[in-house]
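Biologist: I am new to this structure. Please show me how to read its features one at a time.

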Amino acid sequence: MRVLIIEDEERLARNIARVLAEEVSYAVDTSTDGEDGLHMAGSGAYDLVILDLLLPGLGGLDILKALRAAGSRTPVLILTARDTPADIRQGLDLGGDDYLTKPFDMGELVARCRALIRRAYDRPNPALTVGGIRINTAAHSVTFKGKTVLLGAMEYRMLEYLAMRAGEVVSKADIEEHLYDFNSETASNVIEVYVSLLRKRFDPGPRHRLIHTVRGQGYVLGELPA
Amino acid sequence: MRPLPLKWRISLLVALVIAAVIVVISIVAYHDLRESLKATFAVAAADRHVEHEMHEFLRTLLMLGVGMTIIGGGVATIIVLWALRPIGKTAARLRGITHRNLGSERLEDLRAPSELRPFIAALANMLERLDRVLEQQRQFTADASHELRTPLALAKSTLQAARTRDRDPAEYRQAIDETLGDLERMQRLMGQLLVLARLDEVNGLPDAADVSLDGVLQRLAADHVAEAAQRGSQIVVDAARPATVRGNEGQLGQLFGNLIDNAIVHGPAGGTVRVTMSDDADGHLAVCVHDAGVAIPAESLPHLFDRFYRADPSRSRATGGAGLGLSIAREIARRHGGDIKIASLPDAGTSVTVRLPRAL
């Protein structure tokens, strides 16, 4: 999952980014400027945008309006010091999906991010089950056929993303977009490397029944689409 | 004793006038009738007949007079009540006004005679002024809460992020230092808010005394040497002659302290902050604090004294200012019967000039 934080207090953006990366292993980009933030948010690569309202350049509400006018479906969590009911109403009515006021609790913010992303992928259940794999997205734990499996951060990130879209063909471009932030350097075959790692753990054997390759299109976790 | 209601006063007046007119008319008519009757019945025997006729006439006059006075008074009461209706309506509307709908109530739709227009217009004007003050207060509260929440959010997120797992001592140190910086920012802001609240609370000058302005400036310059040195800057005070103003020494120190702070922070590193004192017209003293910093954009100049205004949000954030220093300075200058002006030009830097009346 990849999150964009548009927040002009650099330190706050950095703190949130750090927690999201460490605790839920999201790929995180930050923008401290309104114009730049809108441009990034419009790219469609993000699973969630955390949006401050008072920004230099373009204001947060204008970003929100522009995003929704352009048809963006990305969930937007408004994170601001403005806390009157009128502000909250306005933020939500302009297309915001959630509203949290500063100062906030980091754990609560992370839980809200998870909930918004679950909803966006139409997976209301925080536990994802595909084949014998059970992913607890809240606790970040994975079991396979009842046994706990310890995954590296990138492996988990990839598995969670594929599980969120289980039963669909997920292109390599999508995976690259949603799992890596701007600063990470991705080697051309890195996705194949992680797919083969996941296969070793969950889908060994010459014939893959859980993680399928659709030639020229991408990968499917779980049942192949009809 | 309570004054008589307007309606009774006017009806009483009208009744009195009617009664007086009727009495005068009666006397004149009585005489004329008597004369003409006497002329008609020019016989002494007819005297009794005349007396009888006159009695009849007098009785009719009296009844007519009393009736007209009562009717006149009644009509006057009704007219007055009708004329005063707009006052009742206005009062009813005013009763419905609270701090919430103050701004939307303009009283323009009230139909009132031209005599009452100025009264209603004055009321509407007062409502508008009250609304402006309330709006400013609301804005101030919103800004103050935003300014306090931001460092609070920073401090909290820093500590929570550090706390999520075990980290190196260096990382903990960084988190602590950053949090201390946030606390300092909040402390400074709370101090400023307190100063403003105290200034707003009291009218005039508490503990006014003769203050040696040159002494205040010299002392402030000495207090700020270390702060200036951190940026490699220096402070030069040109206030050799003694000059006395009437005022509160603490407040004056705050005023010029804010200006010198600004000059150090916004001036170039390694620059010179110049504080000069000179005589001005009308027995005033002018103190100018000058720095050679980047010019303030012309469109920002009129807003610099507004509370929480920042010409450049990102730069001020780095310096930790909340945009209250100059509004405090202006408030204090005004309390001392003076004023404050700011001029900023490219190449010439920024000068803030405070004019204060000399002590008599």
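**Reading the two chains**

Modeller: Start with A:Ser25, which is buried, with a relative accessible area of 5%. Keep in mind that this is a predicted model.

Biologist: Where in chain A does A:Ser25 lie?

Modeller: A:Ser25 sits in the loop that runs from helix H1 (10–24) to strand S2 (27–31) of chain A.

Biologist: What should I look for in its backbone?

Modeller: Most residues other than glycine have a negative phi, and most peptide bonds are trans. A:Ser25 is not a glycine, yet its phi is positive, about 45°.

Biologist: Is B:Asp282 buried or exposed?

Modeller: Residues count as buried under 20% relative accessible area and as exposed over 50%. B:Asp282 has 66%, so it is exposed.

Biologist: Which residues does a cis peptide bond join in chain A?

Modeller: The bond links A:Lys102 and A:Pro103, with omega about -5°. A:Pro103 belongs to the loop between strand S5 (98–101) and helix H5 (106–120) of chain A.

Biologist: Now the whole of chain A. How many helices and strands does chain A have?

Modeller: Chain A has 8 helices and 11 strands.

Biologist: What share of the residues in chain A is buried?

Modeller: Buried residues are 50% of the 226 in chain A. The accessible surface of chain A is about 10400 Å², and 49% of that belongs to carbon and sulfur atoms.

Biologist: What do the contacts and charges of chain A look like?

Modeller: Take the contacts in chain A between residues at least 6 apart in sequence: 60% of them join residues at least 24 apart. As for charge, chain A carries 27 positive and 32 negative side chains, and the centres of the two sets are 10 Å apart.

Biologist: How many helices and strands does chain B have?

Modeller: Chain B has 9 helices and 7 strands. Its radius of gyration is 39 Å, well over the 21 Å that the globule rule gives for 360 residues, so chain B is more spread out than a compact globule. The C-alpha atoms of chain B fill a box of roughly 135 × 60 × 40 Å along the principal axes.

Biologist: Which domains are assigned to chain B?

Modeller: The assignment for chain B gives domain 1 (6–95), domain 2 (136–201) and domain 3 (209–357). Between the C-alpha centres of domain 1 and domain 2 of chain B there are 83 Å.

Biologist: Can we follow one helix of chain B?

Modeller: Take helix H5 (residues 169–201) of chain B, where B:Met186 is found. B:Met186 is buried at a relative accessible area of 12%. Leaving out residues up to four places away in sequence, B:Met186 touches B:Leu148, B:Pro151 and B:Leu152. The C-alpha atoms of B:Met186 and B:Trp82 are 61 Å apart, and the two residues are 104 residues apart along the chain.

Biologist: What does B:Thr179 contact, leaving aside its neighbours within four places in sequence?

Modeller: B:Thr179 is in contact with A:Arg11, B:Ala155, B:Thr158 and B:Leu159. B:Thr179 is also found in helix H5 of chain B, and at 9% relative accessibility B:Thr179 counts as buried.

Biologist: Where is B:Arg138 placed?

Modeller: B:Arg138 is in helix H4 (residues 117–163) of chain B. Its relative accessibility is 38%, so B:Arg138 counts as partly exposed. Not counting residues up to four places away in sequence, B:Arg138 touches B:His99 and B:Asp131.

Technical notes:
Residues numbered from 1 in each chain as written. Chains lettered and ligands numbered in written order. Predicted model: local features only at pLDDT ≥ 70, side-chain atom pairs only at ≥ 80, totals over all residues. Heavy atoms only, no water. Domains from an automatic or database assignment. Helix = DSSP H or I, 4+ residues; strand = E, 2+ residues; numbered from the N terminus. Buried < 20%, exposed > 50% of the residue type's maximum accessible area, 1.4 Å probe, protein only. Contact = heavy atoms within 4.5 Å. Areas by Shrake-Rupley, 256 points an atom, 1.4 Å probe, with all protein chains shown as cover. Lys, Arg positive; Asp, Glu negative; His and termini not counted. Charge placed at Lys NZ, Arg CZ, Asp CG, Glu CD. Rg over C-alpha atoms; globule rule 2.2 N^0.38 Å.
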